Amino acid sequence: MPDRAPQPVERQLPTEEARDLVALVRDIVQREIAPRAAEQEDAGYFPREIFTLLSESGLLGLPYDSGFGGGDQPYEVYLQVLEELASARLTVGLGVSVHSLACHALAGYGTKEQQAEHLPAMLGGGLLGAYCLSEPSSGSDAASLRTKAVRDGADWVISGTKAWITHGGIADFYTVLARTGGEGARGITAFLVPGDAEGLSAAVPEKKMGMKGSPTAQLHFDGVRVPDARRIGEEGQGFAIALSALDSGRLGIAACAIGVAQAALDEALAYATGREQFGRPIADFQGLRFMLADMATQIEAGRALYLAAARLRDAGRPFSRQAAMAKLFCTDAAMKVTTDAVQVLGGYGYTADFPVERFMREAKVLQIVEGTNQIQRMVIARHLAGPETR
Ligand SMILES: Cc1cc2nc3c(=O)[nH]c(=O)nc-3n(C[C@H](O)[C@H](O)[C@H](O)COP(=O)(O)OP(=O)(O)OC[C@H]3O[C@@H](n4cnc5c(N)ncnc54)[C@H](O)[C@@H]3O)c2cc1C
């Protein structure tokens, strides 16, 4: 039989610098992330030291302006880095994506003064960010959020509860969407809240099906006071800022999904070529060969879709519809591919002795976060057919 040890994905990268970056990421993955991923996920351990290492290596601010400590990389390069990280451990890949999402508001809508004051530490200074949109009573209908920010002299006082916050309780800064005006999308404003703000506390993290190393927690804002200098963008602009961040963030989720799917295919291939039944490797049986072929095809199609959307973004063209399509397709593909990988391994696939059951549990969350896949279909349909009539 030919050697079926997993081969690194052959990537189309635009520059020598990008190729060096991916090589650096692969080195960090092999030395620091992959060897401990299963054990640490099982123990629910969040690898903060990995995020510090990624920050020191210039990998936490890749798509942002180097003038503020970013990496000046096109989105197509940043996303492939995310894919590499997620294929080793979703907690890390998704964590970098969420951190990037949390930087988006300030980098895109902050004043030059705000950016100069905060961005260098956020993009390359070892800080970790979180993005606070969801609430206990508002998920898909995010514009109905209730957390309030009330003006008090030169400050804003924020009160309410955010839910499902990735890095909740451990982040150094939170990008928070709060209601400063009337009902609906136009009454929402964005704020940058420091992690140690008085009155800010986190609940015990949720007990999740997967990504157990990534803390997801409710955050309570009990009269948290921030100066107006921490308001991002105009009053009432917050929801537009939040949606713009999500367009980009969804591409991050798509890339993470393909990373998880690729890792599952690599495991399935290695197993199928080594395991024998009926006197032959199970990879000989057409029933499995077709399954493996479909898995690989889904992965390559997903990668092509998220890269096409990223290249539109890099060219300054609209990419919202394509980002929703990439998030939808790549995360559904990851769910299918990881489920099939468990099937390829048979009974062993259902045990924690192999990582495919973890990949399957991890894939599920990607169909839910940053807009469920039902919401992605709504977004795509609105681009096609216009808004619903009622
Ligand atoms: C592990 C994890 C991490 C997360 N991290 C963050 C984070 O960092 N920051 C943050 O702000 N949020 C975060 N979230 C929240 C996530 O974005 C929400 O869970 C998601 O948007 C769905 O909201 P919901 O859970 O309230 O579900 P609901 O909105 O109550 O939806 C329940 C079901 O109804 C469906 N549904 C709702 N409306 C419609 C409709 N109009 N048409 C068809 N179907 C519909 C949904 O698709 C879903 O299947 C995280 C969630 C998880 C699980």
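Domain bounds here come from an automatic or database domain assignment. With those bounds, the shell around the ligand draws at least three residues from each of domain 2 (129-236) and domain 3 (240-385). This is a predicted model, where local features need pLDDT of at least 70 and side-chain atom pairs count only at pLDDT 80 or more, while totals for chains, interfaces and linings use all residues. Residues are numbered from 1 along each chain as its sequence is written, and side-chain values use heavy atoms, with hydrogens and water left out.

**The shell**
- The ligand is surrounded by 17 residues (near means one heavy atom within 4 Å), and the closest are S134, S140, W164, T372 and Q374.
- Strand 3 (155-166) and helix 10 (373-385) each supply at least two shell residues, and strand 3 gives the largest share, 3 residues (helices are DSSP runs of H or I with at least four residues, strands are runs of E with at least two, numbered from the N terminus).
- By class, the shell holds 8 nonpolar, 7 polar and 2 charged residues (Ala, Val, Leu, Ile, Met, Phe, Trp, Tyr, Cys and Pro count as nonpolar, Asp, Glu, Lys and Arg as charged, and the others, Gly among them, as polar).

**Atom pairs and burial**
- An oxygen atom of the ligand lies 3.0 Å from a backbone N or O atom of L133.
- Taken alone, the ligand exposes 970 Å², and the protein buries 65% of that (Shrake-Rupley method, 1.4 Å probe).

Definitions and conventions
Polar contact = N/O pair within 3.5 Å; in protein donor to acceptor, adjacent residues only side chain to side chain.
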